[in-house]
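Visitor: I would be grateful for a guided reading of this structure, taken one question at a time.

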Amino acid sequence: MYDVIISGAGPAGSKCAEIVAKSGFKVALIEKDTNWRKPCGGIVSSRIFKYYPQLRKSNFQQIFSISMYSPDFYNFRYSWKNMLDPAINVDRLEFDDTIRNVAIDSGAELFDNHISFDFITKDNQNIGIKTRTPSGIKEYLGKIIIIADGMSSKLAIKSGLREKWKTKEIYTCKCAIMEGKNLLDKECNYFFFRPYKGYGWIIPLNDNKFNIGAGLAKEANVSFNVNEIYSEFLHDSNIKKFLPSLNYKEIWKAAYPLPALGVKEKCLFGDNIMIIGDAAGFVSPISGEGIHASIVSGNIAAETAIMALANEKISRETLRRYKSHPYIKKIIRNFKLKTAIANFFFENKGRNLSKMFQLAEKEENFRDELVNMFLFNQAPSKDFLLKLK
Ligand SMILES: Cc1cc2nc3c(=O)[nH]c(=O)nc-3n(C[C@H](O)[C@H](O)[C@H](O)COP(=O)(O)OP(=O)(O)OC[C@H]3O[C@@H](n4cnc5c(N)ncnc54)[C@H](O)[C@@H]3O)c2cc1C
């Protein structure tokens, strides 16, 4: 019998497993496939070093500026050379492996090639999870169950805490890692907003390698096809200026959805269950950045579980602390505001964006807030919102 069972060893699950295991409780970390590369841009803001100081010594590409383009190709660039820590661009296979190992080194037991698919129930209580493994079905019993298995989580739905995502609640993205000579500044991330609800990106991973992708948001999923907009993005003459070669080696490619409307706050906890990370919508509705918020949710859920286990009270009432923690409340509030701002970005076929970029060039405070909001997930001030109006 485990104290805590965590389904999913991505950023949310690995951080949660690490914190609970460090406090001496018995943790099972269930993972579908550690060789799966999560489809992702891989941009991680400098706030990651608070949770993983060891990453300061990693070889991930450091980023010191951001270049954003409106749909009419108005360019706004911002640099932060004098900041203490840079942002980093990571390959998710390597990044997830690194942070999963931190959890294992802290004492969590990893069960790889295990697909969790249902709960084990007794007297109307979920007391464990059932998994499919290459050697048959295996069952794990636990006092607290944490659902961290991402967007396509089956357990989140089976728990009854949340429904399936609706088309208008998601971003659909397609991305690839490519290799070849390019004209990118390797210390800069590039974002290209499109005239429909969506954007593309080019994210350097080193001199020769980059992550490229494009996505659709919410109702644009109904009118457009992600394969088509991805191909159109790759062949856009403005993108070709950065990627002049005719042939780039495609190392990996995948399409995947992510939550577009912020945290599903009503679904976060139940009797001896918590949902964390993408499975609960911890993704910025503006930038699609979810690694940081997922790690924060994993950390707070872990602290909540430790307290509940120590007091031998694992009821819904005790787990409420997860949702009411100031960090979680701040993320929920912040993402609600950003959902409204993201809508504003794309009004008038994205023309609001070129106006914003022009304003950002003239006014230092506005510029700083725009970048912090997009890249560091910070909430905009009242003054910023007034100027937008
Ligand atoms: C195309 C794209 C681009 C993105 N770009 C960025 C970016 O640049 N920066 C950023 O911060 N965020 C980005 N995000 C969001 C980011 O990827 C997620 O927010 C983050 O990975 C969430 O972490 P998580 O641990 O909650 O879920 P995940 O990273 O999805 O991890 C879930 C884990 O659960 C496992 N799993 C799934 N099902 C099961 C099962 N049934 N049983 C057991 N294990 C299971 C998976 O294998 C995986 O390891 C992007 C997302 C997408 C789709």
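Predicted model: local features only at pLDDT ≥ 70, side-chain atom pairs only at ≥ 80, totals over all residues.

Visitor: Which strands lie at the edges of the open sheet?

Guide: Seven strands with mixed pairing form the open sheet, in the order β6-β5-β13-β14-β15-β12-β16. An edge strand pairs on one side only. The strands that do so are β6 (75–79) and β16 (249–259).

Visitor: What is the average twist from one strand to the next?

Guide: The sheet in question is the open one whose order runs β6-β5-β13-β14-β15-β12-β16. From one strand to the next, its twist averages 15°.

Visitor: Which residue of β16 stands opposite Ile177?

Guide: Strand β12 covers residues 170–179 and runs antiparallel to β16, with ten bridges joining the two. Within β16, the residue opposite Ile177 is Trp252.

Visitor: Which residues come nearest to the ligand?

Guide: The shell around the ligand draws at least two residues from each of α1 (11–22), β3 (43–44), β9 (115–122), β12, β16 and α8 (291–310). By class, the shell has 17 nonpolar, 15 polar and eight charged residues. Of the 40 residues around the ligand, those that come nearest are Gly10, Gly41, Gly150, Gly277 and Gly290.

Visitor: Are α1 and α8 roughly parallel or roughly antiparallel?

Guide: Two packed helices are described by the angle between their axes and the distance between the axes. For α1 and α8, the axes come within 7 Å and cross at roughly 30°. Angles under 35 degrees count as roughly parallel. The angle therefore makes α1, relative to α8, roughly parallel.

Visitor: How many charged residues does the contact of α1 with α8 have?

Guide: The crossing of these two helices, α1 and α8, is right-handed. Residues of α1 including Lys15, Cys16 and Ile19 meet residues of α8, among them Ile295, Gly298 and Glu303. The contact of α1 with α8 divides into eleven nonpolar residues, five polar and, as charged residues, two.

Visitor: What term describes the orientation of α11 to α12?

Guide: Helix α11 spans residues 351–362 and helix α12 spans residues 364–375; their axes come within 6 Å and cross at roughly 125°. That angle is why α11, relative to α12, is oblique.

Visitor: Is the crossing of α11 and α12 left-handed or right-handed?

Guide: In this pair, Met356, Leu359 and Ala360 of α11 meet Phe366, Arg367 and Leu370 of α12. The contact of α11 with α12 has five nonpolar residues, no polar residues and one charged residue. The crossing of α11 and α12 is left-handed.

Conventions. Residues numbered from 1 in each chain as written. Pairing = 2+ DSSP bridges. Helix = DSSP H or I, 4+ residues; strand = E, 2+ residues; numbered from the N terminus. Axes fitted to C-alpha atoms, helices over the stretch in contact; angles between N-to-C directions. Near = placed C-beta within 6 Å. Nonpolar A, V, L, I, M, F, W, Y, C, P; charged D, E, K, R; others polar. Parallel < 35°, antiparallel > 145°, perpendicular 65-115°, else oblique. Left-handed = near helix turned anticlockwise from the far one by under 90°. Contact = placed C-beta atoms within 7 Å.
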